[in-house]
2 protein chains.
Amino acid sequence: MLNNIITEQLKITYPIIQAPMAGGITTSKLVAEVSNAGGLGMVGAGYMTPAQIREQMREIKTLTSKSFGVNLFVPSEFDMVEDEVNFSNHVLHPIREQLQLGNNKTTPLSDFQEVRQKFYEQVRVVIEERVPICSFTFGIPSEEIIAELKKHNIILIGTACTVQEAQVIEKSGFDIVVVQGSEAGGHRGDFIKEGEGSIGLMSMIPQVVDHVNIPVIAAGGIMDGRGLIAAHCLGAKAVQMGTAFLTCIESGANENHKAAILQAKEDQTVLTRSFSGKWARGIENKFIHDMREHESLFPSFPIQNDLTKDIRKAASTKNNQAFMSLWSGQSPRLAKSYAAKRLIEDIMAEAKELI
Amino acid sequence: MLNNIITEQLKITYPIIQAPMAGGITTSKLVAEVSNAGGLGMVGAGYMTPAQIREQMREIKTLTSKSFGVNLFVPSEFDMVEDEVNFSNHVLHPIREQLQLGNNKTTPLSDFQEVRQKFYEQVRVVIEERVPICSFTFGIPSEEIIAELKKHNIILIGTACTVQEAQVIEKSGFDIVVVQGSEAGGHRGDFIKEGEGSIGLMSMIPQVVDHVNIPVIAAGGIMDGRGLIAAHCLGAKAVQMGTAFLTCIESGANENHKAAILQAKEDQTVLTRSFSGKWARGIENKFIHDMREHESLFPSFPIQNDLTKDIRKAASTKNNQAFMSLWSGQSPRLAKSYAAKRLIEDIMAEAKELI
């Protein structure tokens with residue numbers, strides 16, 4: 001049951017994938033420790049420059065000889081709408097004042113052509129550095145990119161939030177699909193019908209596995225051996241865990257972020273689009289609460305993400321949880337501050353007792 | 001694994017509970033067939049008069065000698081706010097016209113004292129008819145009612161949507177707690193912090209079982225043997241299934257409601273409070289869609305429920321899916337139009353293959 005097509009494809013011992021969380025969480029140490037312990041370490045490279053990706057790939061190779069992977073964000077076309085940017089800057093102004101960020105409006109830096117160009121270069125680095133596994137979030141890359149990656153024998157993983165998205169991913173030639181349940185922390189991967197609505201894994205996994213032939217990885221709220229075996233019973237061949245690895249010792253998450261998860265209850269996470277312009281799940285704090293009434297009017301990703309960057313950075317530096325993006329899935333009560341190796345060992349011990 | 005404290009307490013062969021769906025769905029035939037097949041049939045009696053409950057209890061006893069149960073709604077205090085009622089009537093007016101219900105405003109009939117009195121009488125019937133199992137939704141009855149039911153050896157089941165609610169249910173002396181995940185169709189059972197947010201079963205089950213000692217029944221999106229075994233791995237001792245039994249041949253659901261579920265996809269259900277004043281999950285139709293912008297302003301349960309009653313009834317009579325409450329969980333792709341006995345047999349056969 002636990003050694004299957006996915007562990008074989010990904011060349012891993014256990015069907016446990018460390019979710020590729022973006023924003024500095026997936027340190028080389030975390031990724032390498034996970035892979036060395038028998039799981040699959042993954043770098044959340046969506047926000048990284050091509051040079052940063054190259055550097056981290058090389059660093060990880062010095063720390064592990066095992067398989068590891070990288071995740072990229074597929075860019076979607078977006079327009080800069082000046083009114084939306086002005087509205088957002090207006091609403092964010094009192095927060096900037098409170099964080100002593102001065103009176104300056106922020107100008108979003110993203111330009112679609114540049115974002116797309118950066119994405120091409122990220123893909124180029126993945127190929128050049130011979131990263132064995134590449135996953136994608138927020139959509140599907142062009143046929144040319146998929147063909148190029150496959151030519152280099154890179155295993156391709158897509159991210160789906162509905163049966164239809166999983167079917168589109170399969171048809172596009174992906175090897176594996178990650179199915180993201182409503183329980184998942186961080187950004188929703190929806191790319192066909194973006195929205196706040198999302199489907200719990202108990203419903204999602206069996207409905208997806210009934211409609212695709214490629215193997216399914218389950219993501220969302222899974223933290224221990226119980227979740228691993230439950231996901232397998234529902235038809236998933238492996239699990240992808242974010243929050244569980246975020247609070248690990250080797251994770252690069254801000255210590256306040258880790259502490260917030262370790263103290264949170266299951267009903268304290270909410271979906272918000274105020275931080276980035278895309279729906280994402282995190283622990284409700286002052287920022288999410290105060291921005292709720294405005295969030296439908298904020299610009300879309302990545303513009304809003306640019307606009308809140310200085311706020312998130314300052315909040316993080318000042319250890320101010322009120323304005324940080326405290327991404328978390330719906331199982332924070334199950335989070336531990338373990339070393340990644342111990343987390344994986346405990347999961348497998350618990351799983352083996354259940355089967 | 002499948003014979004445990006719950007099957008023993010409830011005197012059933014299989015850990016499968018047919019959810020007590022209100023509104024005529026749980027016919028005596030359905031309830032008796034489920035119990036005769038080894039599960040637990042339950043009557044959704046929340047909206048029934050005490051006389052109707054008594055009559056149905058007696059009818060079921062002629063159809064089965066097995067254990068069965070009944071569910072009641074715990075009344076919460078509410079006030080009639082005239083402005084809210086007027087607003088609701090105003091917004092509902094064009095729908096009433098379209099359904100040729102005339103120009104009359106509807107006056108809500110519910111009065112809290114009367115609702116509470118009716119609840120007392122419902123409880124009295126449960127005791128007098130020696131119904132062996134009684135579950136409650138929307139809260140916890142008074143200490144006196146709990147004591148009285150326990151004195152008569154009636155097994156008490158509460159409904160929780162958070163860890164805290166499960167803990168309160170345990171402390172109140174309940175024997176068992178149903179944990180309702182975000183996947184569940186129909187009304188949310190939240191009673192401490194009511195709202196649109198809800199937690200997927202993959203997260204809910206392990207976090208609840210870690211914090212209560214009474215056995216847990218999992219509800220939400222479970223339709224087959226895969227879901228049954230997954231729920232068990234997560235720590236639940238049994239499952240409660242609504243949508244799966246709603247589409248069964250013996251169910252009293254409107255045929256259009258059954259057809260809508262059998263044709264629906266997993267991403268077509270949404271939460272709405274427009275039908276009843278309480279959040280509930282159903283297949284999105286014209287009513288839910290058109291009322292969305294107004295729903296936060298509608299009166300609370302049961303007033304809004306009274307106000308939409310004529311609309312729901314007329315839509316049902318006229319086979320007009322656009323204005324019916326098409327309650328469904330998030331797994332409609334797994335629904336079958338089977339006899340209840342066959343559904344249970346199939347679930348158990350699939351479950352046994354997985355363990």
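A charge is taken to sit over a ring if NZ of Lys or CZ of Arg is within 6 Å of the ring centre and within 35 degrees of the ring normal. In this predicted model, the charged end of A:Lys278 meets that description, sitting over the ring of A:Phe138 at 4.3 Å from its centre.

**Relation of the two chains**

- Chain B has an open sheet of eight strands with parallel pairing, in the order β1-β9-β8-β6-β5-β4-β3-β2.
- At the edges of this sheet stand β1 (16-18) and β2 (41-44) of chain B, each with a single partner strand, so one side of each is left without a neighbour in the sheet.
- From one strand to the next, the twist averages 25°.
- Strand β1(B) pairs with β9 (residues 238-241) of chain B in the parallel sense over three bridges, and B:Ile17 stands opposite B:Gln240 in β9(B).
- Helix α3 (residues 50-63) of chain B packs on the sheet, where it touches β2 and β3 (68-73) of chain B, and its direction makes about 165° with that of β3(B).

**Aromatic pairs**

- Over all chains, the structure holds 22 aromatic pairs; in one of them, the rings of B:Tyr47 and B:Phe73 have centres 5.1 Å apart and planes at 85°, so the pair is edge-to-face.
- Because B:Tyr47 lies in the loop between β2 and α3 of chain B and B:Phe73 in strand β3 of chain B, this pair ties together parts that are 26 residues apart in sequence.
- B:Tyr47 counts as partly exposed at 34% relative accessibility, whereas B:Phe73 counts as buried at 13%.
- B:Phe73 also forms an edge-to-face pair with B:Phe301, at 6.3 Å centre to centre and 75° between the planes.
- Since B:Phe301 lies in the loop between α12 (286-291) and α13 (303-317) of chain B and B:Phe73 in strand β3 of chain B, the pair ties together parts that are 228 residues apart in sequence, and both residues are buried.

**Rings and charges in chain A**

- A:Tyr47, A:Phe73, A:Phe138 and A:Phe301 form one aromatic cluster, and it is over the ring of A:Phe138 that the charged end of A:Lys278 sits.
- A:Arg342 lies over the face of A:Tyr338, at 3.8 Å from the ring centre.

Definitions and conventions:
Residues numbered from 1 in each chain as written. Chains lettered and ligands numbered in written order. Predicted model: local features only at pLDDT ≥ 70, side-chain atom pairs only at ≥ 80, totals over all residues. Heavy atoms only, no water. Pairing = 2+ DSSP bridges. Helix = DSSP H or I, 4+ residues; strand = E, 2+ residues; numbered from the N terminus. Axes fitted to C-alpha atoms, helices over the stretch in contact; angles between N-to-C directions. Contact = heavy atoms within 4.5 Å. Phe/Tyr/Trp six-rings, centres within 6.5 Å; stacked < 30°, edge-to-face > 60°. Buried < 20%, exposed > 50% of the residue type's maximum accessible area, 1.4 Å probe, protein only.
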